[in-house]
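I open my notebook on a new model today.

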Amino acid sequence: VLTDARAQGSLRCVGAGKSAGMRAVFVLYSLVIVAGLIVAVFVALAQP
Amino acid sequence: MRTFVRENGLSIFFAAIFAVTLTAQSFAGQHTYNAEQAEHGGATVSWWEYIASPDYWGAVMENWQSEFLQFSLFIGATVWLVQKGSNESKNLQDAGRESDEKQRMGRHASAESPLWARARGLKAGIYENSLLLTMVAIFFATWLAQSLNHWRVFNQDQRAHREEAVSWGRYLLNPDFWEKTLQNWQSEFLAVGTMAVFTIYLRQRGSPESKPVGAPHDETGSSG
């Protein structure tokens with residue numbers, strides 16, 4: 001059971017490593033859009 | 001690092017050219033703005049002042065909203081509407097939401113399927129439409145941001161011409177808002193329609209946006 005758990009754990013690690021790049025670009029694009037929106041609304045509302 | 005770049009080259013490429021063109025737009029926009037200010041005897045602004053202005057963010061949001069509208073409509077319309085021979089369409093008999101089995105949902109999901117694809121009820125309902133919901137939400141948010149910034153610019157012009165400022169609600173009914181909006185929408189709709197139609201007869205070897213070079217013209221929904 002221990003061996004199985006270790007094997008599953010290492011598989012999860014490999015899986016996480018494999019998807020780290022995809023996750024990074026997903027987060028990057030999401031942040032750019034959210035940041036752009038926040039700045040745009042803030043700029044408009046900050047006008048006198 | 002090399003693996004990261006190779007596996008995510010498409011996203012990195014577009015992120016890089018996005019950053020370059022957004023920056024270039026800010027410099028070009030500042031020059032245009034200052035030229036107009038000089039012409040009307042107004043004060044010029046620094047680059048920092050310009051990128052914190054509604055003039056710049058109105059222009060940025062104006063283009064963002066139309067792009068997200070374009071993709072939202074394309075994602076939604078291609079569920080139900082088909083175009084015979086187009087790479088951008090699915091097969092004619094597949095029009096509609098398709099079966100759970102084909103969508104690999106619920107009991108047809110595999111161990112590798114996303115967790116929410118294996119769920120039922122509300123979770124499954126949200127996840128099966130998550131792409132369209134997100135794109136539509138970004139469209140409305142960017143359209144709102146465009147309207148707020150262009151409203152501020154409009155009122156600055158009104159004051160410069162000693163005319164009365166208008167409320168945001170009144171600005172939404174103003175031709176200035178709709179001209180800026182519709183000029184972007186029409187170009188997006190033409191471009192999407194063109195992609196759907198041109199992929200019937202034209203090819204780009206190696207691109208998933210095209211059918212394989214040797215695919216028959218009436219073959220629908222195959223990627224090269």
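Which helix gives the largest share of the lining of the second largest pocket? I looked it up: helix 4 of chain B does, with five residues. I note that this is a predicted model.

**Entry 1: the second largest pocket**

I stayed with this pocket. I read off a volume of about 880 Å³. I found 24 residues in its lining. Nearest its centre lie Val79(B), Arg97(B), Gln103(B), Glu128(B) and Asn129(B). Next I asked which elements give two or more residues to the lining. They are helix 4, helix 5 (100-103), helix 7 (122-128) and helix 8, and they belong to chain B. I then sorted the lining by class. I got 10 nonpolar, seven polar and seven charged residues.

**Entry 2: the largest pocket**

I moved on to the largest pocket. Its volume is about 1700 Å³. Its lining has 36 residues. Which of them are the closest to its centre? I wrote down Tyr29(A) and Ile33(A) from chain A, and Phe68(B), Phe71(B) and Met135(B) from chain B. By class, I have 25 nonpolar, eight polar and three charged residues here.

**Entry 3: where the chains meet**

How many residues of chain A are in contact with chain B? I noted 19, and they touch 23 residues of chain B. The area buried between the two chains is about 1600 Å². Carbon and sulfur atoms give 73% of that area. Ile33(A) was already in my notes, from the centre of the largest pocket.

I sorted the side of chain A that touches chain B. It has 15 nonpolar residues, three polar and one charged. Then I searched the interface for salt bridges and found zero. For polar contact, I found five residue pairs across the interface.

Terms used:
Residues numbered from 1 in each chain as written. Chains lettered and ligands numbered in written order. Predicted model: local features only at pLDDT ≥ 70, side-chain atom pairs only at ≥ 80, totals over all residues. Heavy atoms only, no water. Contact = heavy atoms within 4.5 Å. Buried area = accessible area lost by both parts, 1.4 Å probe. Salt bridge = Lys/Arg side-chain N within 4 Å of Asp/Glu carboxyl O. Polar contact = N/O pair within 3.5 Å; in protein donor to acceptor, adjacent residues only side chain to side chain. Nonpolar A, V, L, I, M, F, W, Y, C, P; charged D, E, K, R; others polar. 1 Å grid on protein atoms, 1.4 Å probe; cavity = no way out; pocket = protein on both sides within 12 Å on 5 of 7 lines; lining within 4 Å. Points joined across faces, edges and corners; volume = space filled by probe spheres on them. Helix = DSSP H or I, 4+ residues; strand = E, 2+ residues; numbered from the N terminus.
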